[in-house]
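The sequence and structure come first, and the notes follow by topic.

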Amino acid sequence: MANDDLIAALRDADAVKFGEFELSHGGTSNYYVDKYVFETNPDCLDRIAEAFAERIAEWDTDATLAGVALGAVPLVAVTSVETGIPYVIARKQAKEYGTGNRIEGDLADGEEVIILEDIATTGQSAVDAAEALREAGAIVNRVLVVVDREEGASENLADHDLELSSLVTASDLLADAPDDIDV
């Protein structure tokens, strides 16, 4: 699937917004990619699942998928259905009830895992998930995101021996944005 189709779907769903926004890492931006808009839109989910499946197939791997809770859970679930590949969920912290797990789902020691994520800004949530997965015995080398905001995530992930791959970049997504929008 072409990036143009996914970009069109994200725009059609009104997932790209312009204005003044505070980001999760504390910085501000004059544009925002609303993951909850595209993660609750069936057309976007379908296109993302197809694109993730194509990228994973290019890697010729039988790795398990991992979604970072909460944002990436819909993405990893639809990608699992699209590919037939099982997945696990990486929590930000262990539950304080039930099993108390930080990793939910079946994960064997030494299993290769690809982290799926919605948007990468600094990449810190993916780094945290990779650390939790590695502590649980997984081998984690790749993070696949829908949108790379191109604000240092690639470098931060590389510092933790993780390769970032994205379906689209902020530059792609904002190619015809108003002139006062900074990428």
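**Loop glycines**

G27 is found in the loop between β1 (16–22) and β2 (28–33). The model is predicted.

- Leaving aside residues up to four places away in sequence, G27 touches F21 and E22.
- G27 and T121 are 94 residues apart in sequence, and their C-alpha atoms are 10.0 Å apart in space.
- G71 has a relative accessibility of 5% and therefore counts as buried, the limit for that class being under 20%.
- With residues up to four places away in sequence not counted, G71 touches K35, E39 and D118.
- One of these partners, K35, is 36 residues from G71 along the chain, with a C-alpha separation of 7.3 Å.

**Backbone features in loops**

- A cis peptide bond joins A69 and L70, with omega at about -5 degrees.
- D60 is not a glycine, yet it has a positive phi of about 50 degrees.
- The loop between α3 and β3 holds D60.
- D60 has a relative accessible area of 73%, so it is classed as exposed, for which the limit is over 50%.
- D161 is a further residue other than glycine with a positive phi, in this case near 60 degrees.
- D161 is placed in the loop between α6 (153–158) and β8 (163–169).
- The relative accessibility of D161 is 60%, and D161 therefore counts as exposed.

**Packing of α3 and α4**

- Two packed helices are described by the angle between their axes and the distance between the axes.
- For helix α3 (residues 42–58) and helix α4 (residues 73–83), the axes come within 8 Å and cross at roughly 65 degrees.
- The crossing of α3 past α4 is right-handed.
- On the α3 side, the contact is made by L45, I48, A49, E50, F52, A53 and I56.
- On the α4 side, the contributing residues are P74, L75, V78, T79, E82 and T83.
- Sorted by class, the contact of α3 with α4 has nine nonpolar, two polar and two charged residues.

**The chain as a whole**

- The secondary structure of the protein chain comes to seven helices and eight strands.
- The radius of gyration of the protein chain is 16 Å, close to the 16 Å given by the globule rule for 183 residues, so the chain is as compact as a globular protein of that length.
- Taken along the principal axes, the C-alpha atoms fill a box of roughly 50 × 35 × 30 Å.
- Of the 183 residues, 47% count as buried.
- Among contacts between residues at least 6 apart in sequence, 61% join residues at least 24 apart.
- The protein chain exposes about 8800 Å², and carbon and sulfur atoms supply 44% of that area.

Terms used. Residues are numbered from 1 along each chain as its sequence is written. This is a predicted model: local features need pLDDT of at least 70, side-chain atom pairs count only at pLDDT 80 or more; totals for chains, interfaces and linings use all residues. Side-chain values use heavy atoms; hydrogens and water are left out. Axes are lines fitted to C-alpha atoms, for helices over the stretch in contact, and angles run from 0 to 180 degrees between N-to-C directions. Helices (H or I, at least four residues) and strands (E, at least two) are DSSP runs, numbered from the N terminus. A crossing is left-handed if the near helix is turned anticlockwise from the far one by less than a right angle, and right-handed if clockwise. Contact means heavy atoms within 4.5 Å. Ala, Val, Leu, Ile, Met, Phe, Trp, Tyr, Cys and Pro count as nonpolar, Asp, Glu, Lys and Arg as charged, and the others, Gly among them, as polar. The radius of gyration is taken over C-alpha atoms; the globule rule is 2.2 Å times the number of residues to the power 0.38. Buried means under 20% relative accessible area, exposed over 50%, partly exposed in between (1.4 Å probe, protein chains only). Accessible areas come from the Shrake-Rupley method with a 1.4 Å probe; for residues, only the protein chains shown count as cover.
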